[in-house]
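Student: I am new to this structure. Can you show me how to read its features, one at a time?

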Amino acid sequence: MSARPRSPQERGGFALLSLYAVLIYLFLYLPIAVIVLFAFDAKPIPGLPLDTLTTGWFVEALRDQKLTGSLLTSLRLAVVSAILSTLLAMPAAMVLAWLPIRFKSLVMAMVLGPVVLPQLVLGLGLVILLRSAPDLVGEPAIILAHTTITSSYATLILYSRFLGFRRSYIEAAMNLGASELVVFREVILPLVRPALISVFMLAFTDAFGEFVVAWFVAGFTETLPITIWTSLRQVISPKVYALSSVIILVTLAISLVSQLWVIRQTRLTSKVQTS
Amino acid sequence: MQAGAGSAEKRRRRFAAAGIAPLMLWQFVFFVVPVILLLVISFWRTRNYRMVPDFTFANYIAVFTNGAMWRALLLSVQTAAFVTIACAVLAYPIAYFIAKKAGRLKGLLLIAVIAPFWISIVMRVAAWRLLLGENGVINQSLLSIGLIDQPLGFLLYSPVATSIGLVYAYLPLYVLPLYASIDAIEDNWIAAAKDLNAGPMRAFWEVTFPLSLPGLIVGAVFCFIFGLGEFVTPALLGGGKQLMMSQVIQDQFQRRLDWPAGAAISIVMLVIVFALLAVSMKWFRKASGEKL
Amino acid sequence: MTNTKPPAVEIDAITKSYGETTAIRGVSMDVRDGEFVTILGPSGCGKSTLLRMISGFAEPTTGDVRIGGKSVVGLAPYKRDTAMVFQDYALFPHRTIAENIAFGLRMRKVERAEIARRVDEMLALINLSGYGGRRVSEISGGQAQRVALGRALVVRPSVLLLDEPLGALDMKLRKQMQAELKKIHRELGLTFVAVTHDQEEALTLSDRIAVMNAGSVEQFADPETLYRRPATRFVADFVGGANLIDAEVGPAGALLFRGLPLSGIGSDAVKDRAIGDKVSLVVRPECVATSALGGQAPGPAIEAMVTEVLFSGAVQQIVGRLADGSLFVAHEQGLKPPPERGSTVLFHWDGSLSWLVAR
């Protein structure tokens, strides 16, 4: 429940704040709208004013084997990274949130590190590391690099989710005769499934869109962000906007839906009962 | 007597170790080791485009004496500071609005702020090029309504463009911790302040603002360190006349093939980042409400 | 060798320390088979830790816990034959009421038909027949409490543990549930161990109560004994509330309050004490009456200045301040005209209703 404004002064403040909010959302979504708009612009060099609209660029984008090839590469690598980071993050986050461990601050530093480390620096460090394993350059290296970043994000997100999880669910199940494994299967997994899926999706989106680190360790592999980067250095074809706008809309939809779903689900399992 | 006291404790320890080990191992190999390697080669030398093991501070001295590198460091710090302040000013009202005034739309509005953050950075930058270019949407619109009669050239390929791109990139990131802090402030506390005859402004400065400080600081730290190390945005929007630190590093590595020099700048950047984090650790704890 | 059944739960010289701090210091107690025992104490006294040690969620630093004569120290919670009713009920939100109740039986690999039968039986016992298919979010707080109880009872544990079982309920519901809990205990004949900070609840429900303070058991006795003859100052004050007069044993069987003998105290009251012992005289407010100064009190009496008169219908509380500054309260019936605030009156009581505890 929000406090509804009462006095005229407060009502004025509310109106001003609402107007401001509209402007901020415009700022956040204007670039997205522009990309989508120019995906339909018939001119080969996009610009205002728009005269004819076409869906031709979408078809062009699908015909461009370089674009679709790198799109598929990105999808494939991001799925692997997302699976790996969810698998790494889930047990770690459970331990961090529920079990007493020694050197907790050191562990947290290791988790937080890849998030705060400038990605450029991580990329360079990995380049040096890969000198001793040159065979990994390319797809395996991209997966390794992305998993390093996304597993950190995933752990932090899951950790905060698990902190809010009512411990007594676990204790109640154990108390009724469920061993650790059974507790995990019967109680924890069903209750944290939404959080896991949302973390998987976020890890996927992050790995899918990451550019800098991938660029350094990619060798001759081209992910979609790398392809777009290359095209941005030349005159950019509207088919790139066409493909981008589809991906952006899908990304937005994924993050919107998965987050909303999680909010609804966590109400059930959180410590504070919201009635 | 004590029949195996602490065996449950041991069991718990084993579970904890098994759960955390894979991630730790992974982060050690692909995060700690690379950073250490970077640190090691930052003391090496380069001869004929090849690294030679050594122990020299020459690369570090160069960071602070070489004019170009020094200017890049300065520009990075300036830009990051500007972006941080801009994000704070822009993010505070929106975080406040979502936390306190949005009513039932709260969840949706928050997610809508965060969502653009997950779009690939190259695509976001591509969008800003469409907006800011000489023939871009902003210039064309201003021209057509007659506000200007020549396209504004400074909009793209300038530190201004970089700053706009960075504010856009990090605004969602700033809203998140701010929202969390403000949302945790109970309406009753604010009501109590008003009940004790504090006006709305006074109540804000006495109650809301101090309690939202952890979020404000945590957001600022994240914004600053991310801004400091950002590469894509300055590389694609900044033009290339004035380089930021990350661009110099990339240049050293990829064009000049002087890895030790690039590594030294990277380490300087890392030191700034971690010093900032260490100084603000207390606020991270406050903001998370739990030991991080 | 004896044939008598071992106690349901034995707590044997338990201590628990976390690093430097000691949460429980040398607690021992036995719970007989079929008994309803409550551990009563203020928050932070270590009572919940004790319960968690019985259920297996905490381990003693030293000492032993035995259930049915067998040590369970080091045994995982799921291998112990205890069942617990959690303070927040901890009903699984992704399961229906019936599934919640069936959980423990499924874990014990009970046959499917048998599970269905026992769940129905339990739903009837807790007055929730027909609610089996509902979700946890669709029932009220009182119903959730009963489901939590049913989920624990259905496995027929050798000990049922209750952690502040009625703490989340409002007053009226709590009274109702107290009666229901008592009835279920009597009908099933199981051993119940509960933890609460509510002394009235403890007195109503329990066969015996262990009063804990700062990690130790101060007294372990039946409710009547606790109320009529508390062993320590803390118990006297915590259970039922008491007036405490800090005094010293004087020569010739006198009890000295600020150096002067208290009037009306018989010498047999101090017969087991040595001269110079520091003691407190305990008397319940409901045993105390007031009368005007100079009157002839039939038993022990003490002067106090009336600071407050709190009228609440049938009973009025007369609060007085003794010469040493401590408060002294009398509960008198509401029809009697109260003494004036600020006046000094005599608080007196029947000498057989007061006793001494060490200080």
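Student: Leaving aside neighbours within four places in sequence, which residues is V72(C) in contact with?

Tutor: Remember throughout that this is a predicted model. Contacts beyond the close sequence neighbours show what packs against a residue. For V72(C), they are V65(C), I67(C) and R80(C).

Student: Where is the place of V72(C) in the chain?

Tutor: V72(C) sits in the loop that runs from β5 (70-71) to β6 of chain C.

Student: Does V72(C) count as buried or exposed?

Tutor: Look at the relative accessibility. Under 20% means buried. V72(C) has 6%, so it counts as buried.

Student: Now backbone angles. What should I look for in phi?

Tutor: Most residues other than glycine have a negative phi. Then pick out the exceptions. Y89(C) has a positive phi, near 70 degrees, and is not a glycine. R258(C) is not a glycine either, yet its phi is positive at about 50 degrees.

Student: Where do Y89(C) and R258(C) lie?

Tutor: Both are loop cases. Y89(C) is in the loop between β6 (82-85) and α2 (97-107) of chain C. R258(C) is in the loop that links β12 (255-257) to β13 of chain C.

Student: How do I read a hairpin? Which strands of chain C form one?

Tutor: Find two paired strands, then the turn that joins them. Here β1(C) and β2(C) form a hairpin, with two residues between them. In the turn, G19(C) has a positive phi of about 60 degrees.

Student: How many bridges pair β1 and β2 of chain C?

Tutor: Seven, in the antiparallel sense. Strand β1 covers residues 9-18 and strand β2 covers residues 21-31. One bridge to find on screen joins S17(C) to its partner T22(C) in β2(C).

Student: How many bridges join β14 and β20(C)?

Tutor: Five, again antiparallel, with β14 of chain C covering residues 278-283. Look for L281(C), which stands opposite L356(C) in β20(C).

Student: Let's turn to chain B. How many helices and strands are there?

Tutor: Count the elements, then take their order. Chain B has twelve helices and two strands.

Student: How does its radius of gyration compare with that of a compact globule of 292 residues?

Tutor: Such a globule would have a value near 19 Å, whereas chain B has 24 Å. The C-alpha box gives another view: roughly 85 × 70 × 30 Å along the principal axes.

Student: What percentage of the residues in chain B are buried?

Tutor: Buried residues account for 54% of the 292.

Note on methods. Residues numbered from 1 in each chain as written. Chains lettered and ligands numbered in written order. Predicted model: local features only at pLDDT ≥ 70, side-chain atom pairs only at ≥ 80, totals over all residues. Heavy atoms only, no water. Helix = DSSP H or I, 4+ residues; strand = E, 2+ residues; numbered from the N terminus. Rg over C-alpha atoms; globule rule 2.2 N^0.38 Å. Buried < 20%, exposed > 50% of the residue type's maximum accessible area, 1.4 Å probe, protein only. Pairing = 2+ DSSP bridges. Contact = heavy atoms within 4.5 Å.
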